[in-house]
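Visitor: I have a model open and a few things to ask. Can we go through it piece by piece?

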Amino acid sequence: MLMLMREKIKQIIQTAMGPASAEFNFDLTYPDAKFGDYATNAALVWAKLSKQKPQDVAKNLIEKMDKAMFETVEIAGPGFINFRLKNNELLTQPSALNPQRSEKILLEYFQPNIAKPLHIGHLETAVIGDAIKRMLLFVGEKVESDTHMGDWGTQFGFLILAVKKFGKVNEKIYAQLNQEAEKDPSIHESAKQEFVKLEQGDQENRKIWQDLVEDSVKQFLQINQLMDILPFDHHWPESFYEDKMPGVLTELESKDILQTGERGARIVNLEQQKLGIAVIVKSDGGTTYLLRDLATFIFAQKEGFKKHLYVVDNRQSHHYKQLFAILHRMEKIEEGEGAHIDYGFVSFKGEALSTRKGNMILALDVIAQAEEKVAQVIAEKNPDLKDKQGVIKAVTKGALKYFILKHNRHSDIEFSWEEVLDFEGNSGPYLQYAYARLSSILKKSQITNPKFQINPKSQISNTERELLFKLSILSEIVDDTLADYLPNILANYLYNLAGLINKFYHESHILSEKDQTVKNFRLALIAKAKNTLGKGLELLGIQALEEM
RNA sequence: GCGCUUGUAGCUCAGUGGAUAGAGCGUUCCCCUCCGAAGGGAAAGGCCGUGCGUUCGAUUCGCACCAGGCGCACCA
C-alpha cells in the first residue's frame, strides 16, 4: 500500500498521542523552509483540549514519537512541532497512489452552443476540465469525459426561423434576429413555435437542425487539437436525451414531485430550500434545460457512473442547486455524488464579456494574437530554433492554459492582453523555460540517467535541500488539488518549483563542478526536477519542451 | 426584495485559525570573459472593505453593515 509521506507522519503523530488522537483533528502543513519540511499544530490543539501547556504537550509527544525518518523534530513558536526528514526519505514518495475508489466518474466540460463561435469562456471550461481529467487519471480514478453540446432548446427556434427567413444563419443574423425579437414579441413567439415543431418531429425543421448540428460539431472538435484537450470519451449532446425525457417526467409525476404552475407549466417547487421554482416543462409544452440535465444524470447513473461532475461557469450555480435538489427529492443522489465545479467568468476592462454586448473575446483571436507574439519572441531570442512552428503552438497553448489555470477558479478573471501575452514572470512559458534549461544541461552532460548519491559528507546547499523536498511532494499536491478540484493549487506549486529550480540553476554550477560526487548529485537533482516539472506540466495539459 | 459570490500592494491575483501576509506586472537599482537573461538578486509599496463577536491567537470562522459582480418560473 503506497502512502503519502504526510499520511505516514500523521500516523506517527497519532500513534504517539495514543487513543486520545481519535478525538480531534490536527493539521500537518508545509511551513517556511527554514522551520522544516512539515509542521503540525497537534500539540496546540491537544493542549487546548486538555488544558495543559502546549510546550509540555509537544515535549511529551516528541518523546513518544518514532523519529527514525527524521533528521530533526523540534518545538517552535507557540508549540508547533517541526519535522525535517532525512535526505534519503525524500526520494521515497510514490509518484502515484493506489486508487482508493473504483467507481466510474463522469466529468462533463466544454459545452459549446450551435451558431455561436468558441470564445474565451469555452477555453476556460475545456482547459479546467481537461486538467481535472488528467489528474483524476493520474491518481487512478476511472473518469470519463463528456462534452455536452447545446444543440436543443428554444434557441433552435431562433436558428430555424433565421434559416427560413434568410436561407442561412450565422452569428450576425442570429444576433440581429434576437435583437428584433426584443422589440417585437411576435418573433419570439414564432421562434418558440419553431422549436415546439422541432420537438414534435416536423420534417423540415429536423433537416435544418441536423445540418446546423453537423456543421457545428466539426467546428467544435477543433478544440482537441487547438488546445491539446484529451479526446472526449462521450459526446452526449442535449438532443441525445430527447427520448429519455418522458421517462423522467413520468417518474417525477409518480413520485408526486411535479406540480402545475402558472399558465400550465410543469414545475417543482423548491421554495422551502430557498431555491425558488424550477420549471421542468414550459407552458407551451417545450422542455427545459433542467429536464435535460435530469435525464442526463439519470442516464449516466444507469450507465454505472457513481459521480457526476460539471465544469460550468458560476452563473449557473443556482441551476445546479436546483438540479441536485430535485435529484435528492427523487432519491437519486447522495452527498458528493454530484458536484458543480464552477468557475468565474471573464471580464474585460471591468465589463462582463457577452456576445450580446459585442465585447466577446473569441478563442481563435486569442490564439492568433498569442502565436504572433510568441513568434516575435522566438525571432528575437532563439532565431535558430528547430521546429519553430511546433514550439510556437506549444508555447501559445502553455501561456493560455496557464493563464486560466493559475487563477483560483472561483474568482472572476479580468482579462488583460498585456498579461496573457506576457511570457515572463508567473506564466506558462516561465515553466516551460525552466524545463528547457534543465533539458539542455542534461543533454550537455551526456549522462542520461544519473543516480542519486547523497553523500553525507558532501555539502547540500539550502536551496538544493529545499528543492529536493519540493520535488518529493508532487503527489501530495495533486491530492490537495483534487480535494476541491482547484487546479491552481498545482499551478502555484509548479510556479514555486520552477522558481526554486531557477535559483538552484543560478547558484550551483553543474557541468563545471570538479567534485564528482557533488556533480553527480546535482545532475540527479536536475533529472528529478525535469521529471517532476514535466509530470506537473503534463497534468495541467501543458507541453514540456526540450528547447524553446 | 431574496439567494450566491467577491472585497488582500498602484494594477492583476495567490494564500492561511497561529511563527515576519506572498507573487507577477509596473517603478528604482544590480548580475551574462560559467551550464539558455523567456533567468537570478535588491529596494520601495499593505489599518488583508468597516464594525462587533467566538478564540490563548482572526486577514482566515460567525453576525451586521458598506461596495462590486452574478442569479432568482417558462434562456441555456
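Visitor: Leaving aside neighbours within four places in sequence, which residues is I173 in contact with?
Guide: I173 is in contact with A162 and F166. Contact here means that the C-beta atoms, placed from the backbone, lie within 7 Å.

Visitor: Where is the place of I173?
Guide: I173 is in helix α6, residues 171-183. Helices are DSSP runs of H or I with at least four residues, strands are runs of E with at least two, and both are numbered from the N terminus.

Visitor: Does I173 count as buried, exposed or partly exposed?
Guide: Partly exposed, because I173 has 18 C-beta neighbours inside 10 Å. A residue is buried with 20 or more other C-beta atoms within 10 Å of its own, exposed with 12 or fewer, and partly exposed in between, the C-beta atoms being placed from the backbone.

Visitor: Before I go on, what am I looking at?
Guide: This is a predicted model, in which local features need pLDDT of at least 70 and side-chain atom pairs count only at pLDDT 80 or more, while totals for chains, interfaces and linings use all residues. Residues are numbered from 1 along each chain as its sequence is written, and chains are lettered from A and ligands numbered from 1 in the order in which they are written.

Visitor: What is the mean pLDDT of chain A?
Guide: The mean is 91, and 97% of the residues of chain A reach 70 or more. pLDDT is the predictor's confidence in each residue, from 0 to 100. For the complex, the predictor gives an ipTM of 0.96 and a pTM of 0.94.

Visitor: Which domains does the assignment give for chain A?
Guide: Domain 1 (5-85), domain 2 (104-352) and domain 3 (363-540). Such bounds come from an automatic or database domain assignment.

Visitor: What about domains 1 and 3?
Guide: Their centres, taken over C-alpha atoms, are 33 Å apart. Four residues from domain 1 and four residues from domain 3 take part in the contact.

Visitor: On to strands. What is the order in the open sheet of four?
Guide: The order is β1-β2-β4-β3, with antiparallel pairing. β1 (28-29) and β3 (70-76) are at the edges with a single partner strand each, so one side of each has no neighbour in the sheet. Strands pair if DSSP finds at least two bridges between them.

Visitor: How many bridges join β2 to β4?
Guide: Three bridges join β2 (residues 38-40) and β4 (residues 80-85). A39 stands opposite N82 in β4.

Visitor: In what sense do β11 and β12 pair, parallel or antiparallel?
Guide: Parallel, over six bridges, with β11 at residues 305-313 and β12 at residues 338-343. L309 has A339 in β12 as its bridge partner. Together with helix α12 (residues 317-329), β11 and β12 make a right-handed β-α-β unit. Right-handed means that, with the strands pointing away from the viewer, the path from the first strand over the helix to the second runs clockwise.

Visitor: Last topic, backbone angles. What is phi at F110?
Guide: About 65°, a positive phi, although F110 is not a glycine. F110 lies in the loop between β5 (104-108) and α4 (120-138), and F110 counts as buried because it has 28 C-beta neighbours inside 10 Å.

Visitor: And Y485?
Guide: Y485 has a positive phi near 50°. Y485 is in the loop between α18 (474-483) and α19 (487-507).

Conventions:
Contact = placed C-beta atoms within 7 Å.
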